[in-house]
Structure formats: structure tokens, C-alpha cells
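Dear colleague,

Please find the structure below, handed over for your use. My notes on it follow directly after.

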Amino acid sequence: MKKYINNYLTKAAYTADSNRATTKSAVSNIADGTGVVFDGKNVLVEKAAAGIGDIAVYDTAVSAVRFIKFGTYNATTLPASITILGVVYYRTENRVNIVSKNNQPSARWAEGYKVKLSGFDFTSGGTFTITVNSTTTAAITYTNTDTLTTIAAAIATALTNAGFTSATGWVSTVDNANNCILIVRNWYTPVINTFAIADAASKVVATIITTKDYQCTLSGLLTAYSNITRVDGSVSSWAGANYPKFYSYYYASGGANVNESLKSGNVVKFAVFNATDNPILVTYYGIGEVGYAAYIKDKMLRYPYSKGLIIDDNGQNNTNLLAPVMYIDIDGVLKPAYPAAYNAKQFGVAVNGYTTGFETGSWWLPSAREMYLLIKDALLDNSDVINKTLVAISGDKVLASGYYPWTSTEYNANIAWSYYGTIGSLYNYNKFSTNNVRSVTAF
């Protein structure tokens, strides 16, 4: 291997070498403590030398996964044998974690409750009521002049008057292809245990499409984690995960609370971080922006830690359990009950004629811990190594703000964990929400 490495005694000697390759792949070792330097174009290394920000690729020239060192990627000189797999976002001694180049289609964490209504008698008309759990709508009457569209509108009105409003996720739509009306509820409460039609003439029939109320019940497949521990030792339902965004948001938009205790769940803004409004905080952390920075750091999640949310580090297992759960939709097609996990698992990078280990099914929705490792060092201007590399390969940035990707970690019956890009925290979202999906894998 030595003959492929340029050796220099000092950084000055390295800089002064006009014969050193700068347009081809080049590796140099500088003995003064600088260490190994990768420069040139598309410097390819093996797994042992891979680091955060490097590009994982499959090289058909050697039929193996390799890595282009950070800062050396050049599209115009990229060998034809190279297929980009993703970007390294974390590594341990034996494992390299990789994020996909692009987001996958956004999705809900869990599918909504769906019911098909059919059997309408457009010759004679009819009357029916709908009961959801213990609440029954007023009678819904239709005649031979009505259509599926007018009946769907009447159903929506009856549901609204009974308290099942569109604001709480209830929608009644026409499915002409299947000659029926579809009622969908995407909301977080209550659990729907009963949905029934009462029709004296036994005409209108309700067919439950989804096998359970996925958005309001535990999956039954995962361990749910309903708390996270902050650096200050407090236990909460959320905590800072990306310091630059968390600091910038709360500096201006935090709470105006006064006389806060050290382990309060609230996070105050800088304007009230003073001896008059919050003497306990200032006495402990110090005054001014230095003290405020120390205070914000205490509101970040504690990592590493052996309790709560942060121990869920197996997104692959989570996804393998969630993604296969299906229901037969109104059109007779199997659909995912947990769409975010399903979409993440559908991602893959194919290299024709080669089995790389990065095909569809080899990627997953990151666990809460994996999400933290992915976004913790992202910078607001995207100048961090992961985002710089993603930009270089024309990928979707892992933003520190304005980015709301799901994790595969469950919170409780109706909530799952996500990265809340507005404030830079690991937070919880209702399972009916539509958020970003980003696949990861490991090598």
C-alpha cells in the first residue's frame, strides 16, 4: 500500500509539492501529526477508512462497496463503474451508517380508519343512521333523485352535527369506480371500536376497510417510549436534538416564563434570561449569552444514555415489523397500514447484475436514536459535512430547520417520534400527520 501514498515530513512540504496529483485520486501522509490527507478527485477508500460525510458507492470494477472521501467528489471525472448509494452520517468500529441521497415520498405514520358504504337503492330511496362507538347520527334520508355525491354531502352533514367534523379528520367522499361512498377518519382520538349502519330495509351496508384504528392504537409490534431525558436530568416528552436550531429558535421564540426552576420543562427566551425575571437560572448558568448557551445545552437530550427514547437504536427491526402490515383497500389492492415505514423500506439502489446489499428492502426508517445521530450536527447554513456532500451529489439536504422526518419509534397509542425541524428537537407527532420520510441503512 505504501507506494500509493505520498509521504511528507511536514505540512509545508506537502503544500510545496507541485508534482502532487490534484486532479486524480491522491492520498498523502504527513508525519508532523497532520496525518492522512485525501485530495485530488474521487478518492476511493475501503470501509476501514470511511468517515462521516463520505459517499458510499458500489464499484463494479471491483464488485464491492467503497467510499469517496469527503471533499474529493467530482461528477465530471467519476468513473462509469461507480454507483452512488448514499452518504455516511455515523460510524463505529465495525459499522458505517448511511443516509439515502433523497427523501422518499412523504407519508402518515399510520393509515386512517376507512369504511366503505354501499347498497344504496336509487330506485326507491331509503333512510339510515350511522353509529360511531356510542354516538348515533340523525337519520339520513335519500330519494330516487339523489346521487352518491348528494348522499356523501348528507353523510358529512350528519356526521358533523353528531360531532364528527372535518376538523377532527372525518371526510366523506364518492368512489364512482367502486360505486360507493368512502368515509375516512384521520385523527388522534377517540379509538373507533364500533362503526355501524342501521337501515330498516337492510340496504345500506358498512364494510370496514382497515382492520383496526391504526392511528389511535399501539402497533403491538414495538416497544413504545414516552419520555426522553435531557442533559439537566429532567424527563420530558421532547428535548433539543440539533443545537444550532434549538438555540436560535428559543433565543427569540422561547417562553416568557419567570422564576423558572432549573429542571423545568419549559425553555425561556433570552429576553427573560436575567436576574429580574429568572434569578434561579442566571445564578446557576451565569449571565448574558454565555450563560444562556449553557442553559440551552442543558435542555438538549442526554446522549449516550441507557433509559427512555434514546435507547431505541434498531430502526431496521422497527421497520421490518411495521412495513409488512397491510390492509385490503376499497380497490382490492393491498396498502400499508404504516405508510412511513413502508415507504422507507421501498427505497433501494439497484446496480444491474450485482447484488450489493443496498437494494429495495435493505433500507429502513431510522429509529429515534438513529435520527438524532443523523441531524445532531447539521448546521443552519448546511455547511456541515453531511449536507455539503448531499448538495454535491444533488441530493436532498438533511436540514436543521424546516425538516420534519418521521422516526420508526412509537410514543404511545396515537403518537410517534419525529424530528421537529422548526425548533430543532426530537418531538412527538400524531400518527395521522404527513411528514418527511428518509431512509437509512448500514454497512
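With which residue does Arg66 form a salt bridge? The partner is Glu46, and the closest N and O atoms are 3.2 Å apart. Please note that this is a predicted model.

**Salt bridges**

Arg66 belongs to strand 6 (residues 64-68), whereas Glu46 sits in the loop between strand 4 (44-45) and strand 5, so the pair ties together parts that are 20 residues apart in sequence. Arg66 counts as buried because its relative accessibility is 16%, under the 20% limit for that class. Glu46, with a relative accessible area of 43%, is partly exposed.

The structure holds 12 salt bridges. Another one of them joins Arg369 to Asp313, with the closest N and O atoms 3.4 Å apart. Since Arg369 lies in helix 8 and Asp313 in the loop between helix 5 (288-297) and helix 6 (315-322), this pair ties together parts that are 56 residues apart in sequence. Arg369 is partly exposed at 23% relative accessibility, and Asp313 is partly exposed with a relative accessible area of 41%.

A salt bridge also forms between the side chains of Asp331 and Lys335, at 3.5 Å from N to O. These two residues take part in a network of salt bridges that links Lys114, Asp329, Asp331 and Lys335.

Helix 8 (residues 368-375) is largely enclosed by the rest of the structure, because seven of its eight residues are buried. The buried residues are Ala368, Glu370, Met371, Tyr372, Leu373, Leu374 and Ile375. The helix lies across strand 23, strand 24 (415-420) and strand 25, and it runs at about 150° to strand 23.

Those strands belong to an open sheet of four strands in the order 20-25-24-23, with antiparallel pairing. Its edge strands, strand 20 (239-240) and strand 23 (406-410), each pair on one side only. Strand 20 is joined to strand 25 (residues 425-430) by two bridges, and Gly240 has Ser425 as its bridge partner in strand 25.

In the loop between helix 7 (339-346) and helix 8 lies Pro366, which is buried with a relative accessible area of 0%. Beyond residues up to four places away in sequence, Pro366 touches Gly315, Met371, Trp406, Thr407, Ser408, Arg438 and Val440.

**Nonpolar cores**

The largest nonpolar core has 35 residues, of which Leu301, Tyr419 and Leu426 touch the most other members. Two or more residues each come from strand 5 (55-59), strand 7 (82-91), helix 8, helix 9 (385-392) and strand 24. Helix 8 gives the largest share, six residues. A second, separate core of 23 residues includes Val115, Leu117, Ile151 and Phe195.

Another open sheet of four strands has the order 14-15-10-17 and antiparallel pairing. Strand 14 and strand 17 (205-208) stand at the edges with a single partner strand each, so one side of each is left without a neighbour in the sheet. From one strand to the next, the twist averages 25°.

Within this sheet, strand 14 (residues 170-175) and strand 15 (residues 180-185) pair in the antiparallel sense over six bridges. Trp170 stands opposite Arg185, and Ser172 has Ile183 as its bridge partner. The hairpin of these two strands has four residues between them, and Asn179 takes a positive phi near 50° there.

With kind regards

Note on methods. Residues are numbered from 1 along each chain as its sequence is written. This is a predicted model: local features need pLDDT of at least 70, side-chain atom pairs count only at pLDDT 80 or more; totals for chains, interfaces and linings use all residues. Side-chain values use heavy atoms; hydrogens and water are left out. Buried means under 20% relative accessible area, exposed over 50%, partly exposed in between (1.4 Å probe, protein chains only). Two strands pair if DSSP finds at least two bridges between them. Contact means heavy atoms within 4.5 Å. Axes are lines fitted to C-alpha atoms, for helices over the stretch in contact, and angles run from 0 to 180 degrees between N-to-C directions. A nonpolar core is a set of buried Ala, Val, Leu, Ile, Met, Phe, Trp, Tyr and Cys residues joined through side-chain atoms within 4.5 Å. A salt bridge is a side-chain nitrogen of Lys or Arg within 4 Å of a carboxyl oxygen of Asp or Glu.
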